[in-house]
Every structure is written in C-alpha cells, then in structure tokens.
Amino acid sequence: MCRTKLTSRLLAFILLFFSCSVPLESKSYKNGLVVTAHYLASEVGKEILQKGGNAFDAAVAVQFALAVVYPRAGNIAGGGFAVIRTSGGDYNSLDFRETAPKAAYEQMYCDKDGNVNSDLSQNGDLAVGVPGTVDGMMKLHQKYGRLRWGELLEPAIKLAEEGVVLSLLEANKLNDYHDQIQKQNKGKSLVPYLREGLFREGDTLSNIALARTLSRIKASGRNGFYEGETAGLIVAEMEKHGGIITAEDLQGYQSVWRVPLIGDYRGHKIISMPPPSSGGVALIQLLKGCEMYNMNKYSFGSFEHIHLMVELERRVYADRAAWLGDPDYYQVPVDRLINDEYLENRFATIEMDKKTNSQDIKAGSVELIESFETTHFSIVDSEGNAIAVTTTLNGNYGSKVMVEGGGFFLNNEMDDFSSKPGFPNQFGLVGGEANAIKPGKRMLSSMTPTIVEKNGKLFMVLGSPGGSTIITSVFQNIINKIDFKMDSQQVVDAPRVHSQWLPDEVYAEAEALSPKVKSKLEELGHIIKIQNKIGVMADIFVSDSGEYIGVADTKRHKDSRASGY
Ligand code: DON
C-alpha cells in the first residue's frame, strides 16, 4: 500500500499497534513472584517468600505494606477479595468485603423528597462500611499461613516508622486530594497526609500513629483492630463526626470463605470471585459469549472484536444491575446467569451489523471516572501456591476520613450499594433491590481477582482496579492471551475498551480504535468516548516449562512492579 495514502492518524495507530506487538522483555522466575501496584510492597512480598513464607504469608505482608506505601488504596480499614489455588490444586476464595453498619437503612442517602445525596455515600463518616481487611488477613493466615503472624506485620511497621519516600505519582495524588482530605479532617492532629506546602517526589513520609495501630494488630491479631484502642478510636471518630459504626459493628465483623466460581473457556478453567462480587459471574458470562460467537476468529482491534465485546458487555452489565447483590441477603441466581441455554437466549439478539440500544433510565448518564484507587496484587510461590487479591477503600483515600490517632483512612464503600433503584453510583453503575442497603449486608462489588488453569496446571493469576472497568479489563486480558495469542507483555499493554450497558457509551483508550474501526462503530450508533486509561493489571503467567512471568502494568501506573527470584 502506498504510504502517502495513509492518514497520519492511521499511521500513528499502526505504529502504536506495532510497538505493542513487539515482545518486550518480561523476566521469568523459578521460585516466586509478587506483582503489586507499588515497588516497595512487591519487595516486601518477595522478602517474605525468600524467608520461607508461602504465597499466602506474602499476601498478608503485602496487604499491610500497601496500607503504608499506597494509602489511597492499600488499607487496613477497607475490604477486598482473594482467590486461591493451592499447589495441591484446591480452590478457595475469601470475602473480606465491608458490611453496612447495623444502623444503616435503605433510604439513608435520600432526602425527604427521595433525592440521593451522593456526597454522603462517597465522603465523610456516613460513607464508611464496617472494615473487613484485618479479619480477612487473620483468616487467611490462620488457614494457610506458615510464618508467624507478627513477622508478616513487621515490614509494614518498619515502613511506617522509618517513612516512605514518595514517588512522583503518590506526591501528586496527595496534592490533588489535599482539599478533600482537609475538609474531612478539620482540627485533627497527626494527619501525616496533610501539610502546608506541596508534597514532592523524594519527600519521606512516616506515620507513627499507623505504626502503633499495626503494632496492636501484630500483638493482638483481629482484636488489635476490632476491639480495644483501635476500635475506640474508630468509634470516637464516628460519634464526633456523624458516622454510625458502633463498637458492636466492629466486634461483629466476620470475613467469609466462599466457594469460588468456576467456569470453562476454550479448554481453560476460570476460577474467580462469586457474589457479593459481580466479577466472577460477569466474567464467565462474557467468556461464554465469546465462545458462542467465536471471538478467536476475529483479529485484535478489528471492528468485529470491539462490537461483539461491547454488545456482550451491554447485556452482562444489565444482568448485573438486576440480579447481583450479597447472596446472604438476596437470592442471587448465579447458576441461571451462567447457564448456557440462558446465555444463548440472552446473546441471541446480538447482530454484527447493528447496535442494540441500552434501555433508558430515569437518572441522567454520568461520566465514567478514571479512577485507580483500588489495587490488585498477584503472588505465586516456589511450591505453586497462587493467590489473587483485590483490595480497596473504594474512592481515592476512601471517605477521606483519617482516624485521629490511628493513622489510617476509612473506606467509602457504602457508595457501592444502590442508594436508590436506577440511581448511578460513582462508577455509573445502577442497581435495585438485589443491591439495596440493609444492615449487615455486603455491597456489590466489581472486583475480579481471577486464576486461570490450562490442562490442570496454573496458567494465569490476574486482577485490576478500576471500579466497573475491572471486569472488562480482566476479561480482555484473558481473551488477549487465549484468543489473540499475545505474549505476556502484550496481554497487559494492549489498549482496552469498556462498556457497561448504562451509560450507553463505549470507552476506549486512545490507541484502541483505528480511525476506520471507530467510524464503523459510530456509523452503527455506538457513542465512543476516549479514556486516558482503563484498568491497571497485575498479572502472572506460567510458561509451558513452569516459569513465572510477572507483568506489572507500568504503562498505566509507573510505580507497579513485578519482584521475583
Ligand atoms: O468493589 C468495587 O467494585 C469498587 N469499590 C472498586 C473500586 C475501584 O476499583 C476504584 N478504583 N479503581
């Protein structure tokens, strides 16, 4: 083809695509590998493995280290999910999702006219769910850990005492959120994340209050958080600033072992998170849709690839809104949702030359927020144990509320409930009865920690932050590997696209759509919005010879790191 006939944009796309498809160096390791969103946390995990800890010990140490080095998402007062595959081939999943406090009720964010005040579900003390992380880490350690509990807390305590050197990303994030953090923490002392001047790359930030809280957790396990001094500090914060979490709520919190959701995709076994995450169900629905429509016969980035993906996502996210919620409070029809016959009918209306319109909702559409305040880490050890953990405060720095004297942020996970049927949350996700607020109930999540097996052997460990885009990011990484046969680095680097039924829009990273594909999609009526980045993966791949290859998504998040040995 004559070069002069190409538009400069098309040429740029081809170059970008080509640079994406040139294999980059991804190192392989034999003994163990830790991929997290922060290089210091990855090093902590690797050191625990080198000391003789297993992947589960390393996960506990990484979770606590992230609370220090990555305070906008790493946490002790948030929650998350872990998907596990042991070296013996057993599967498990741990739900340490937050719960609604006992005094919560369905209309708690609505005024007397029934209008939702999202500021209350997103910021300040009323936005906080009862934290699950510390109980989750205890249960994980009790069941699978090998090293002493205290040893797993030591790296985090040391980092909090000695201080963390701020990366450019973290300094900028603290500066961006300065006003919001200040607003929620007026008059409090010891808020290390607030200062007069700007934070700069290279500044050292210690957090003595957090070191003390972590030391209490080291000494007393879950009681170091849910009882005694730490619990007292949380309850005092609630009483002073209009929150509703009580000492009883804290004492009563329990994380839950759940049977993971397992599906098949073209000869691979997909092991993912069941409700109260929507991740596993949606992922398996999407993959089954790809199988029905033979995604593997299309090329990456083609019109057919993007259109099919968007049409599947439209239907899957509509199901999510109607049917998914906490299974302990709402009968979630999981089996039916991933049933082949059901999905054949559900996807039968997809046409390759026609866009389906998402149905209207009363609430207006909201902008998708580019947010990376959840975090995912993947770990494997020398024995072949694997764990995928996604953990979050929900928004950046959660509710922005710091517990005075405790040194940690509280989550704003209550916003993941449906505050009112059809009213979108911060990710534009809608819901109804299945995800309505009830005391003690867990809010629906999109977090999708996932493990993939091939021929009975560990093949991939993966996950991402990104709110509603988590599911589609994980989904795309799996089809990039299995259908488009990319190498490990390409799987993560390849540009991503996201759609979620409502708003009726397609979000695409800039280089995801060639001009030709973009105009063809627009001709059919797809509304395309360019998004700076979608998802931040932390993936581990296992080669045919059994070596571990870690790919941190440094293209989208510079601080991410794979540390292996
Ligand atoms: O559980 C969920 O689905 C959300 N709370 C996750 C939030 C998130 O991923 C934020 N940013 N990346």
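Here is a friendly set of questions and answers about this predicted model.

User: How do helix H2 and helix H3 run relative to each other?

Analyst: Let's start with the geometry: the axes of H2 (residues 39-50) and H3 come within 8 Å and cross at roughly 150°. Angles over 145 degrees count as roughly antiparallel. H2 and H3 are therefore roughly antiparallel.

User: What is the handedness of the crossing of H2 and H3, and how do the residues of the contact divide?

Analyst: The crossing of H2 and H3 is right-handed. On the H2 side the contact includes Leu40, Val44 and Ile48, and on the H3 side it includes Ala58, Val62 and Leu66. Sorted by kind, the residues of the contact of H2 with H3 come to 12 nonpolar, 1 polar and 1 charged.

User: H3 also meets H5, so how are H3 and H5 oriented to each other?

Analyst: H3 covers residues 55-69 and H5 covers residues 133-144, and their axes come within 9 Å. The two axes cross at roughly 160°, and angles over 145 degrees count as roughly antiparallel. H3 and H5 are therefore roughly antiparallel to each other.

User: Is the crossing in which H3 passes H5 left-handed or right-handed?

Analyst: To picture the place, look at Phe56, Val60 and Phe64 in H3, which are among the residues that meet H5. Their partners in H5 include Met137, Leu140 and Tyr144. The residues of this contact divide into 8 nonpolar, 3 polar and 1 charged. As for the handedness, H3 passes H5 in a crossing that is left-handed.

User: How are H13 and H17 oriented to each other?

Analyst: The axes of H13 (residues 279-292) and H17 (residues 469-482) come within 10 Å and cross at roughly 40°. Only angles under 35 degrees count as roughly parallel. H13 and H17 are therefore oblique to each other.

User: How many charged residues are there in the contact of H13 with H17?

Analyst: H13 and H17 make a right-handed crossing. Leu283, Leu286 and Leu287 are among the H13 residues in it, while Ile471, Phe475 and Ile478 are among those of H17. The division is 10 nonpolar and 1 polar, and the number of charged residues is no charged at all.

User: Which side chain has an N or O atom 2.7 Å from a nitrogen atom of the ligand?

Analyst: There are 17 residues around the ligand, and those that come nearest are Thr374, Glu413, Asp416, Ser445 and Gly467. An N or O atom in the side chain of Arg97 is 3.0 Å from an oxygen atom of the ligand. The side chain that is 2.7 Å from a ligand nitrogen atom belongs to Glu413.

User: What is the omega of the peptide bond from Leu502 to Pro503?

Analyst: Pro503 belongs to the loop between strand E14 (497-498) and strand E15 (506-509). The bond from Leu502 to Pro503 is cis, and its omega is near -5°.

User: Which residue has a positive phi of about 80° although it is not a glycine?

Analyst: Look in the loop between strand E11 (386-392) and strand E12 (450-454). The residue there with a positive phi of about 80° is Asn394.

Notes: Residues are numbered from 1 along each chain as its sequence is written. This is a predicted model: local features need pLDDT of at least 70, side-chain atom pairs count only at pLDDT 80 or more; totals for chains, interfaces and linings use all residues. Side-chain values use heavy atoms; hydrogens and water are left out. Axes are lines fitted to C-alpha atoms, for helices over the stretch in contact, and angles run from 0 to 180 degrees between N-to-C directions. Helices (H or I, at least four residues) and strands (E, at least two) are DSSP runs, numbered from the N terminus. Angles under 35 degrees count as roughly parallel, over 145 as roughly antiparallel, 65 to 115 as roughly perpendicular and the rest as oblique. A crossing is left-handed if the near helix is turned anticlockwise from the far one by less than a right angle, and right-handed if clockwise. Contact means heavy atoms within 4.5 Å. Ala, Val, Leu, Ile, Met, Phe, Trp, Tyr, Cys and Pro count as nonpolar, Asp, Glu, Lys and Arg as charged, and the others, Gly among them, as polar. A residue is near a molecule or strand if one of its heavy atoms lies within 4 Å of it. A polar contact is a pair of N or O atoms within 3.5 Å; within protein, one must be able to donate a hydrogen and the other to accept it, and residues adjacent in sequence count only if both atoms are side-chain atoms.
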